[in-house]
Each structure stands twice: as structure tokens, then as C-alpha cells.
Amino acid sequence: MIRLVLIRHGESTWNKENRFTGWTDVDLSEKGVAEARAAGRRLREAGFVFDQAYTSLLKRAIKTLDLVLDEMDQLWIPVDKSWRLNERHYGALQGLNKADTAARYGEEQVHIWRRSYDVPPPPLLRDDPRYPGRDPRYAGLTEAELPLAETLKDTVARFTVFWDRIIVPSLKEGRKVIISAHGNSLRALVKYLDHIPDDKIADLEIPTGVPLVYELDPSLVPLGKYYLED
Ligand SMILES: O=C(O)[C@H](O)COP(=O)(O)O
């Protein structure tokens with residue numbers, strides 16, 4: 001049986017402030033740091049070891065991974081970072097407070113933007129300072145790959161390219177893998193692995209800083225999954 005561990009980053013400063021984050025590169029809050037360290041301790045106590053890690057290009061996921069690996073004394077393992085594991089791009093909503101946005105546009109509209117499978121949030125314009133094409137870390141992306149806003153469906157499409165090309169071969173070679181990513185990029189992966197129907201994915205919420213352990217058969221079909229909680 002193959003074990004794969006997913007972890008959503010610990011609480012970020014914008015989770016705490018209830019702001020749409022997406023590709024904004026905000027840091028962990030103090031609570032987020034504590035969550036990440038506690039997750040690392042739990043993994044160590046449960047006997048997990050890793051020899052390969054994957055994360056996004058965003059510091060809240062990178063730092064969470066570092067804190068987990070530090071607690072496990074495994075900071076030496078290779079870490080592969082990709083934009084394909086980034087949070088879903090929240091378009092022109094990035095930076096806005098979620099409650100204020102609901103008061104302005106209505107709860108129902110905000111729920112659709114947050115949890116529908118294929119309705120995008122309002123897009124950025126290319127001259128917006130938040131446009132990722134201005135950021136050197138995304139210099140290798142084509143214009144078509146640089147999002148103005150993403151649906152969860154778009155996030156599934158770009159994440160699963162990395163899953164199929166990089167993570168699947170690594171798991172099949174016997175590597176013990178941890179993936180540190182984001183609420184919606186992990187919802188995308190869970191949807192894909194568990195074949196969750198489009199109209200059921202809105203119900204899936206992934207908590208911050210809690211390892212989610214998948215048990216997979218040799219063809220990477222999920223046999224079960226559980227959260228590693230205290
Ligand atoms: O990008 C964000 O704002 C969060 O990481 C996830 O937010 P959501 O729960 O509104 O999708």
C-alpha cells in the first residue's frame with residue numbers, strides 16, 4: 001500500500017483577516033506556524049518518513065512544509081515547487097474581505113464564487129498590479145497559463161498535469177511523498193483522486209494545518225483516507 005500525505009498550509013494572515021487570498025503571497029499567522037509545527041510532530045509520532053516533497057510557489061505552503069519537515073528532522077529531503085500547486089486564483093476578489101463582499105454582492109453570489117465548480121470569480125485586468133505576469137516567479141508561464149481568475153475546474157486541469165507528469169511517477173518509484181498546498185488546490189486533487197462529482201465538490205472543506213493521509217493501491221486508486229489529528 002502507498003501512503004501519500006497532503007497538508008493545507010497553516011492559517012495565513014489573510015485567513016485570519018477573512019480576505020480572499022488566491023495567488024497573493026501572504027505569510028503564516030502565529031497560529032498557522034503553531035499548526036504546521038503540531039502537524040510535523042504528529043507525523044513524526046505516527047512514524048511517517050518522507051523522501052520527496054512538493055509544494056507551491058507561495059510562502060504559506062513553503063513555510064508550512066519547512067516547519068513540518070523541521071519537526072520531523074527531515075529538512076534535507078528534495079522539495080519540488082510548482083505554480084501548478086498554487087491556490088486557485090481568486091481574480092479581482094483577491095484582497096477583499098469575504099464578509100464585506102457578501103454584504104455587497106449577497107451571500108449566494110459569494111458562495112457561487114467560492115464553491116461552484118465552473119463559475120469564475122470576476123477577472124483581473126492585465127494592467128492590474130495583481131496580474132501574475134508581472135511577478136518574476138511566473139516568468140516561465142505562457143500568457144494562456146497566467147490566470148486572470150480561475151474556477152476550481154481550471155485548478156483541477158493545471159494541478160493534474162503536475163500530478164500525472166511528476167507525482168505519479170515519483171509514487172510509483174516508491175518515494176514517500178508529502179504535498180503542502182492550499183485549500184482549493186487540494187480540493188482539486190481530492191476531487192480528482194476520489195472522483196467527486198462536480199455538483200458535490202462544494203461540500204468538501206479541508207482544514208488548515210492537518211495532515212490528510214491517503215492510502216492508495218499500486219495503481220494509485222484510493223483505498224481510504226483519514227486526517228491525522230490529536
Ligand atoms: O484563497 C483563499 O482566500 C483561501 O485560501 C481559500 O478561500 P475559500 O475558502 O474562500 O475558497
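Ser29 touches Glu11, Ser12, Thr13 and Lys16, when residues up to four places away in sequence are not counted. In this predicted model, Ser29 sits in the loop between H1 and helix H2 (30-45), and with 19 C-beta neighbours inside 10 Å it counts as partly exposed, because a residue is called buried only if 20 or more other C-beta atoms lie within that distance. The C-alpha atom of Ser29 is separated by 23 Å from that of Asp135, a residue 106 places away along the chain.

The annotated positions come next. The UniProt record, an unreviewed entry, places the feature "active site" at His9 and Glu87. These two positions span 79 residues in sequence, yet no two of their C-alpha atoms are more than 10.4 Å apart, so they gather at one spot. His9 is found in the loop between strand S1 (2-8) and helix H1 (13-16), whereas Glu87 lies in the loop between strand S3 (79-81) and helix H4 (98-105).

The table sets out the surroundings of each residue discussed so far.

| Residue | Other C-beta atoms within 10 Å | Class |
|---|---|---|
| His9 | 30 | buried |
| Glu87 | 26 | buried |
| Ser29 | 19 | partly exposed |

Leaving aside neighbours within four places in sequence, His9 is in contact with Leu28, Gly32, Arg60, Ala61, Thr64, Ser180, His182 and Thr208. On the same terms, the contacts of Glu87 are Thr21, Gly22, Trp23, Leu58, His182, Gly183, Asn184 and Ser185.

Two packed helices are described by the angle between their axes and the distance between the axes. The axes of H4 and helix H5 (residues 107-115) come within 6 Å and cross at roughly 125°, and H4 and H5 are therefore oblique to each other. In this contact, Lys98, Thr101, Ala102 and Tyr105 of H4 meet Glu107, Gln109 and Val110 of H5, and by class the contact has three nonpolar, two polar and two charged residues.

How values were computed:
Residues numbered from 1 in each chain as written. Predicted model: local features only at pLDDT ≥ 70, side-chain atom pairs only at ≥ 80, totals over all residues. UniProt positions renumbered as here; feature names shortened; annotations may be inferred. Helix = DSSP H or I, 4+ residues; strand = E, 2+ residues; numbered from the N terminus. Buried ≥ 20, exposed ≤ 12 C-beta atoms within 10 Å, placed from the backbone. Contact = placed C-beta atoms within 7 Å. Axes fitted to C-alpha atoms, helices over the stretch in contact; angles between N-to-C directions. Parallel < 35°, antiparallel > 145°, perpendicular 65-115°, else oblique. Nonpolar A, V, L, I, M, F, W, Y, C, P; charged D, E, K, R; others polar.
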